[in-house]
Amino acid sequence: MAETATESVYELPENPTYREDIPKLTQDDPVDADGVVNPLIQKILENIHAVKKKLNGFQASKGRPDGIASLDSSGKVPAAQLPDIDVSGSINTHNDDPAAHPALRTLISALDIRVALLELMYGTEVSGNPFVVTFGSLNDLTVSGVWNAPMERIEF
């Protein structure tokens with residue numbers, strides 16, 4: 001038994017032209033007087049069946065290997081359907097590249113210099129009399145030079 005369309009999607013033009021070897025079609029009569037399905041209708045039905053089969057196969061591949069990924073309720077691909085990716089080697093190679101992260105490398109270099117200076121200032125072993133002098137005031141001090149008040153220092 002041949003499939004018949006229950007709803008017409010395609011409307012025939014008002015004055016259609018037909019090939020002589022194919023009988024004229026009407027939307028209501030896909031079968032000729034002898035009960036044979038018109039070859040054009042048959043071909044259309046075969047194509048519809050093939051498209052439906054491909055669509056069903058495509059839909060069945062959802063969430064399966066080599067198919068299409070499904071989406072969770074937030075519209076994202078579930079982690080179980082994502083491949084395992086190991087990028088640690090790439091990240092290490094990138095981070096070891098001297099041209100990578102120039103701004104960060106500059107900041108780290110500046111901080112290294114400041115830490116080295118602080119270590120020199122406060123971590124140096126002194127064998128004499130260590131002392132720290134500030135010149136916030138010149139009371140009880142005799143020196144020769146020019147006092148720079150904003151910098152709180154004597155300039156010689």
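## Close-up views of the predicted chain

**View 1. Surroundings of S61 in the predicted model.** Leaving aside its neighbours within four places in sequence, S61 is in contact with G67 and I68. The model shown here, as in every view below, is predicted. S61 belongs to the loop between α1 and α2. Because its relative accessibility is 18%, under the 20% cut-off, S61 counts as buried.

**View 2. The whole chain, for orientation.** Three helices and two strands make up the secondary structure of the chain. Read along the sequence, these elements follow the pattern α-α-α-β-β. Of the 156 residues of the chain, 7% count as buried. Among the contacts in the chain with a separation of 6 or more, 6% are accounted for by residues 24 or more positions apart. The accessible surface of the chain comes to about 14,400 Å², and carbon and sulfur atoms hold 57% of this surface.

**View 3. Confidence along the chain.** The chain has a mean pLDDT of 76, and 71% of its residues reach 70 or more. Confidence is highest in helix α3 (residues 102–123), with a mean of 89, and lowest in strand β2 (residues 153–155), with a mean of 76. Where pLDDT is low, the predicted coordinates should not be read in detail.

View 4. S70 is placed in the loop between α1 and α2. The side chains of S70 and Q81 are joined by a polar contact of 2.6 Å. Apart from neighbours within four places in sequence, the residues in contact with S70 are K62, G63, K76, V77, P78 and Q81. The relative accessible area of S70 is 15%, a value under 20%, so the residue is classed as buried.

**View 5. D66, a residue with positive phi in the loop between α1 and α2.** The phi of D66 is positive, at about 60 degrees, although the residue is not a glycine. D66 is found in the loop between α1 and α2. With a relative accessible area of 85%, D66 is over the 50% cut-off and is therefore exposed.

**View 6. D86 and S88 at the end of the loop between α1 and α2.** D86 is found in the loop between α1 (39–60) and α2 (88–96). A polar contact of 2.8 Å links the side chain of D86 to that of S88. D86 counts as exposed because its relative accessibility, 65%, is over 50%.

**View 7. H101 in the loop between α2 and α3.** H101 lies in the loop between α2 and α3. The phi of H101 is near 55 degrees, a positive value in a residue other than glycine. The relative accessible area of H101 is 34%, between the cut-offs of 20% and 50%, so H101 is partly exposed.

**View 8. A nonpolar surface patch that includes M121.** L117, L118, L120, M121 and Y122 make a nonpolar surface patch of about 600 Å². One of these residues, M121, lies in helix α3. M121 has a relative accessible area of 51% and is exposed because this value is over 50%. Helix α3 is the element in which confidence is highest, at a mean of 89.

View 9. N148 is found in strand β1 (residues 146–148). Leaving aside neighbours within four places in sequence, N148 is in contact with R153 and E155. The side chains of N148 and E155 are also joined by a polar contact of 2.7 Å. N148 has a relative accessibility of 19%, which is under 20%, and therefore counts as buried. Strand β2 (residues 153–155) is where confidence in the chain is lowest, at a mean of 76.

Definitions and conventions:
Residues numbered from 1 in each chain as written. Predicted model: local features only at pLDDT ≥ 70, side-chain atom pairs only at ≥ 80, totals over all residues. Heavy atoms only, no water. Helix = DSSP H or I, 4+ residues; strand = E, 2+ residues; numbered from the N terminus. Buried < 20%, exposed > 50% of the residue type's maximum accessible area, 1.4 Å probe, protein only. Polar contact = N/O pair within 3.5 Å; in protein donor to acceptor, adjacent residues only side chain to side chain. Contact = heavy atoms within 4.5 Å. Areas by Shrake-Rupley, 256 points an atom, 1.4 Å probe, with all protein chains shown as cover. pLDDT = per-residue confidence, 0-100. Patch = residues over 30% accessible without salt bridge, like charges linked within 9 Å, V, L, I, M, F, W, Y side chains within 5 Å. Salt bridge = Lys/Arg side-chain N within 4 Å of Asp/Glu carboxyl O.
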